[in-house]
Amino acid sequence: MSETEVDLEAEMYEKHREAGEILAQVREEAADRVEVGASHLEVAEYAEDRIRELGGKPAFPVNISIDEEAAHATPSIGDESTFGEEMVNLDIGVHVDGWLADTAITVDLSGNPELAEASEQALEAALDVIEPGVNTGDIGAEIEDVIDGYGFNPVVNLTGHGLGHWEQHTSPNIPNRAVSQGTTLETGDVVAIEPFATDGGGKVTEGSSEEIFSLEREGSVRNRQAREALEQITDEFRTLPFATRWLETDRPEVALRRLKRNDIVHGYPVLKEDDGFLVSQKEHTVIVTDDGCEVTTR
């Protein structure tokens, strides 16, 4: 798109902004509730309910990642986990009619404030260079440079991303390190920038637990619970990720197993660094403007 073709006052951008405004408020309120002894499930449900109260809908289940976890961790049904002296990442998304905003914050209860600061400052450095014509590889270089300066590693196999209509992850990818083959940002692009910093090696791998799923394809199933779950998924969540605990059918775990076996939904395993290491995360959503960017989740 050339600059002249992009109307940043168009309805889709207004909805991205509305989603961002709701999200900025909910992120701060949820972060204030993260303290030693507080319940993971209560924090997640508080944030998800608050999003609905403020006129949005969750774009994905609230991610609560602890210590070495980096992404895709959300409380299970009846989860009794509570926060300890840990590094806690909250990753929250909102949509308004399918137009999205995505944000994350680290609440450090572990006594490692520098690691939390590394991802926060990396994000600020990235935001400073965003404008039409900037290459995503150069944004990654800024992120890597700041995190390296703190003596930590960026998580290289997680990236920022574009936000589409009913699509949480679209192109372009925004790397967390310098890459030679990047993409050029243009006016009107809506992207989430999300540096992850770690005192580990900088690569996450898949864990064994899965609580987040999304629709892979339309299909039909005979099992009643699976049928009820599929109806709710296609009507309410469409292609956006959802949590097991959001399903209203009885025995939702059974329903999801059937749907997964039929390749109708796919799961998102928790992504984690090696045990004993910590990951911090900070994320904002931006709209690329003619002279820089507008942070919708500030």
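The area buried between domain 1 and domain 2 is about 1300 Å², and carbon and sulfur atoms give 67% of it. Buried area here is the accessible area, with a 1.4 Å probe, that two parts lose on being put together, summed over both. This is a predicted model, where local features need pLDDT of at least 70 and side-chain atom pairs count only at pLDDT 80 or more, while totals for chains, interfaces and linings use all residues. Residues are numbered from 1 along each chain as its sequence is written, and side-chain values use heavy atoms, with hydrogens and water left out.

The domains themselves, then. Domain 1 is 11-207 + 274-295, and domain 2 is 212-268; such bounds come from an automatic or database domain assignment. Their C-alpha centres lie 26 Å apart. Domain 1 puts 21 residues into the contact and domain 2 puts in 15 residues, where contact means heavy atoms within 4.5 Å.

How many salt bridges are there between domain 1 and domain 2? The count is one. A salt bridge is a side-chain nitrogen of Lys or Arg within 4 Å of a carboxyl oxygen of Asp or Glu. By this rule the structure has 13 salt bridges. One of them joins the side chains of Arg17 and Glu294, at 2.7 Å from N to O. Arg17 is in helix α1 (residues 11-32) and Glu294 is in strand β15 (residues 292-295), so this pair ties together parts that are 277 residues apart in sequence. Helices (H or I, at least four residues) and strands (E, at least two) are DSSP runs, numbered from the N terminus. Another salt bridge has the side chains of Glu48 and Arg245, at 2.8 Å from N to O.

Next, the record. An unreviewed UniProt entry carries the annotation "domain: Peptidase M24" for residues 14-202. UniProt positions are in the numbering used here, feature names are shortened, and annotations may be inferred rather than shown by experiment. In the model, the end C-alpha atoms of residues 14-202 lie 36 Å apart, and the span is 34% helix and 29% strand.

Now the sheets. Seven bridges pair β1 with strand β3 (residues 87-96) in the antiparallel sense. Pro58 has Val94 in β3 as its bridge partner.

Strand β8 (residues 190-193) and strand β14 (residues 284-289) run antiparallel and are joined by four bridges, with Val191 opposite Val286 in β14.

Last, the backbone. Most residues other than glycine have a negative phi, and most peptide bonds are trans. Trp166, in the loop between β6 and β7, has a positive phi of about 60° although it is not a glycine. The peptide bond from Ser171 to Pro172 is cis, with omega near 5°, and Pro172 is in strand β7.

Technical notes
Pairing = 2+ DSSP bridges.
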